[in-house]
Amino acid sequence: MASAERTQEILKGLREAVVAYDEEAAARLSKAALAEGVSAYDAVRQGLAAGMEKVGEMFAKHEYFVPEVLLCSDALYAGLDILRPHIRAGDASEVRKQIVLGTVEGDVHDIGKNLVKIMFEAAGWLVHDLGTDVKLEKFAEEQARTNADIVGLSALMTSTMLAMPRVIQMIKARSPGAAVMVGGAPLSPEIARQYGADGYARNAGEAVREAVNMLSRLGTKG
Ligand code: B12
């Protein structure tokens with residue numbers, strides 16, 4: 001069992017490895033976490049995911065650009081692949097929640113959607129990723145098939161985001177209890193409300209927190 005100081009050292013190292021897009025260090029420290037008895041869940045949440053949140057902030061401040069963000073996510077995945085099999089159900093209330101995620105029809109932008117996916121996976125959620133250019137009815141079908149708690153819709157264009165209200169209606173008609181969250185650069189909290197979405201998050205760093213808040217606000221699940 002690692003001492004408190006050693007645990008903090010490993011968690012800090014994991015955060016720094018993601019920010020420095022150092023895949024080798026992320027993998028090495030993830031193995032060290034397991035070998036020394038640091039909880040895999042803490043290593044993901046307080047290590048890798050916290051590092052990725054920092055990367056999101058750096059992206060927002062134009063300190064990092066898309067290529068760096070992608071390299072950081074490679075480092076995050078290098079660690080996540082090692083730690084994920086060791087996360088035990090019940091480690092946290094978020095574990096085993098499910099989200100259907102995709103970019104709406106006509107839109108092929110997926111860098112942001114993939115970052116959102118990473119953050120949910122890092123928090124232990126099961127993500128059903130439908131990819132990009134997703135046929136509108138597919139979101140409701142997949143939600144009904146999986147009984148996912150949330151459907152997350154992404155759009156990066158002012159033209160494609162216009163389909164969101166229809167998608168939300170289709171989901172609600174089929175499963176009134178399912179919550180819908182929207183995101184993407186042209187969206188805003190006001191547009192999300194107008195569209196009938198239950199939640200909105202500005203970036204991947206805020207998405208999981210907002211999803212958890214949304215579910216407890218709605219009181220349907222979670
Ligand atoms: C990279 C990029 C591309 C790449 C996409 C590669 C890929 N695999 O994604 C390529 C080259 C393919 C591309 C193509 C096109 N693009 Co483009 N593209 C961009 C660019 C430069 C960056 C987008 C990006 O990845 N940002 C980085 C990520 C991290 O940020 P993000 O996507 O906003 O995601 C964050 C949040 O929005 C949020 N989020 C995102 N989704 C979700 C979902 C949920 C549920 C939640 C909670 C949160 C959330 O969290 C994310 C992470 O923090 C933008 C310009 C810009 N600065 O935004 C233009 C841009 C989006 N593209 C644009 C256009 C017009 C096009 C094309 C039509 C160009 C053309 N003429 O061919 C095609 C469209 C093809 C299509 N049918 O979709 C326009 C859209 C204009 C508009 N307002 O409608 C933009 C804004 C450029 C511009 N200024 O004109 N593009």
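The largest pocket comes in at about 930 Å³ (the volume being the space filled by probe spheres set on grid points joined across faces, edges and corners). Of its 39 lining residues, G112, V116, R202, N203 and A204 sit closest to the centre. A pocket here is an open set of points on a 1 Å grid over the protein atoms alone, where a 1.4 Å probe fits, with protein on both sides within 12 Å along at least five of seven lines; lining residues have an atom within 4 Å of a point.

This is a predicted model: local features need pLDDT of at least 70 and side-chain atom pairs pLDDT 80 or more, while totals for chains, interfaces and linings use all residues. Numbering runs from 1 along each chain as its sequence is written, and side-chain values use heavy atoms, with hydrogens and water left out.

## Who lines it

Domain 1 (4-86) and domain 2 (98-218) both contribute lining residues, so the largest pocket lies between them. Elements giving at least two residues each include α3 (40-60), α4 (66-83), β1 (98-103) and α9 (204-218). By class, the lining splits into 23 nonpolar, nine polar and seven charged residues.

## Around the ligand

The ligand has 26 residues around it, with V108, H109, D110, S154 and A204 the closest (near means a heavy atom within 4 Å). That shell divides into 14 nonpolar, nine polar and three charged residues. Its largest share, four residues, comes from α5.

Now for the polar contacts (N or O pairs within 3.5 Å). From the side chain of S154, an N or O atom is 2.8 Å from a ligand nitrogen.

H109 sits in the loop between β1 and α5.

Note on methods:
A polar contact is a pair of N or O atoms within 3.5 Å; within protein, one must be able to donate a hydrogen and the other to accept it, and residues adjacent in sequence count only if both atoms are side-chain atoms. Ala, Val, Leu, Ile, Met, Phe, Trp, Tyr, Cys and Pro count as nonpolar, Asp, Glu, Lys and Arg as charged, and the others, Gly among them, as polar. Domain bounds come from an automatic or database domain assignment.
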